[in-house]
Amino acid sequence: TSTTMLQPIDEIGEICRAHGALFYTDATASLGGNPFEMDAWGLDAATAGLQKCLGGPSGSAPISLSDRAVEVVRSRAR
């Protein structure tokens, strides 16, 4: 949207992988208006409120998790 700047997500993903950190981003302001390549950028988790670029209802928020993130979450439940 008009007040948000794009970040070098692909570069940040490389840094996270190099240090074994999970990588999360909120794509509310850009989902639907900019490319979104979760796998290519190395994201482990992403959420987005639908009310901005997509013009959806407030309170609706899709989430996507990588297999790696799911493993971490499941391992904590044991």
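**Briefing on the predicted model**

Beyond its neighbours within four places in sequence, Leu43 is in contact with Ile9, Phe23, Tyr24, Thr25, Phe36, Met38 and Ser66. Leu43 also belongs to the largest nonpolar core. The model is predicted, and the points below are grouped by topic.

**Nonpolar core**

- Seven residues make up the largest nonpolar core: Ile9, Cys16, Phe23, Met38, Trp41, Leu43 and Ala46.
- Two elements, α1 (9-18) and α2 (38-41), each give two or more residues to this core.
- In soluble globular proteins, nonpolar side chains tend to be buried together.

**Overall architecture**

- The secondary structure consists of three helices and three strands.
- Read from the N terminus, the order of elements is α-β-α-β-β-α.
- Along the principal axes, the C-alpha atoms fill a box of roughly 40 × 30 × 15 Å.

**Sheet**

- The three strands form an open sheet, ordered β1-β2-β3, with mixed pairing.
- At the edges lie β1 (24-26) and β3 (63-65), each of which pairs on one side only.
- From one strand to the next, the twist averages 10°.
- Strand β2 (residues 45-47) pairs with β3 in the antiparallel sense, over three bridges.
- Opposite Ala45 stands Leu65 in β3.

**Surroundings of Thr47**

- Thr47 is found in strand β2.
- A polar contact of 2.6 Å links the side chain of Thr47 to the side chain of Tyr24.
- With neighbours within four places in sequence left aside, Thr47 is in contact with Tyr24, Thr25, Asp26, Ala27, Thr28, Pro62 and Ile63.

**Burial, contacts and surface**

- Of the 78 residues in the protein, 27% are buried.
- Among contacts with a separation of 6 or more, 28% are between residues 24 or more positions apart.
- The accessible surface comes to about 5,400 Å², and carbon and sulfur atoms account for 53% of this area.

Notes
Residues numbered from 1 in each chain as written. Predicted model: local features only at pLDDT ≥ 70, side-chain atom pairs only at ≥ 80, totals over all residues. Heavy atoms only, no water. Pairing = 2+ DSSP bridges. Helix = DSSP H or I, 4+ residues; strand = E, 2+ residues; numbered from the N terminus. Axes fitted to C-alpha atoms, helices over the stretch in contact; angles between N-to-C directions. Polar contact = N/O pair within 3.5 Å; in protein donor to acceptor, adjacent residues only side chain to side chain. Contact = heavy atoms within 4.5 Å. Core = buried A, V, L, I, M, F, W, Y, C linked by side-chain atoms within 4.5 Å. Buried < 20%, exposed > 50% of the residue type's maximum accessible area, 1.4 Å probe, protein only. Areas by Shrake-Rupley, 256 points an atom, 1.4 Å probe, with all protein chains shown as cover.
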